[in-house]
Amino acid sequence: MNYLKQYKMKNRIDYIDKVEYREVVDVWEASVRATHRFLKEEDIAYFKPLILNTYLDVVELRCYRDENYKIIGFVGVADGNIEMLFIHPAHRGRRIGKTLLNYALKNLNVTKVDVNEQNEQAVGFYKHCGFETIGRSELDASGKPYPILHMELIK
């Protein structure tokens, strides 16, 4: 087995190169469509270019790759806060989100997360992982009427 194949199979958490941003946005969009049913089509169209052209550049990104080196999940962190954690819906339920979260906790100094209140699965996931709601905002960071829960890891 060649070195690259060994690397791919052993190290699923990886850095993301800027040339892979479109692949990351594809994962984001598929995940959002599966989990954020409260969003309108125009909201997805609004956020998609922002993520591609702005948001990915302001977070520390790591991804989870499959055996073919394809990105199937990613996490973005800034100032100890998980800003984004998305898993392609075809790969949900395989502990990829938990793996990325644990990586972020251990290696990226994460202690907080902001999550859409209407994304009940995500809220439940973070609660299960030891986060507790410490605040709430009526509007998201873009001023849209999607309430955000501010959660913090309770030790």
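**A friendly tour of strands and salt bridges**

Visitor: How many bridges pair β2 and strand β3?
Guide: Welcome! This is a predicted model. Strand β3 covers residues 71-78, and its pairing with β2 is antiparallel. The two strands form a hairpin with five residues between them. The number of bridges that pair them is six.

Visitor: Which residue in β3 is the bridge partner of Y64?
Guide: Y64 is also the β2 bridge partner of I13, where β1 and β2 pair in the antiparallel sense. Turning to β3, the partner of Y64 is G73.

Visitor: Is strand β2 largely enclosed or largely open?
Guide: Strand β2 runs over residues 60-65. Five of its six residues are buried, so the rest of the structure leaves this strand largely enclosed.

Visitor: How many residues apart in sequence are the parts that R65 and E20 tie together?
Guide: The side chains of R65 and E20 form a salt bridge, at 2.9 Å from N to O. R65 belongs to strand β2, whereas E20 sits in the loop between β1 and α2, so the pair links parts whose separation in sequence is 45 residues.

Notes
Residues numbered from 1 in each chain as written. Predicted model: local features only at pLDDT ≥ 70, side-chain atom pairs only at ≥ 80, totals over all residues. Heavy atoms only, no water. Buried < 20%, exposed > 50% of the residue type's maximum accessible area, 1.4 Å probe, protein only. Helix = DSSP H or I, 4+ residues; strand = E, 2+ residues; numbered from the N terminus. Pairing = 2+ DSSP bridges. Salt bridge = Lys/Arg side-chain N within 4 Å of Asp/Glu carboxyl O.
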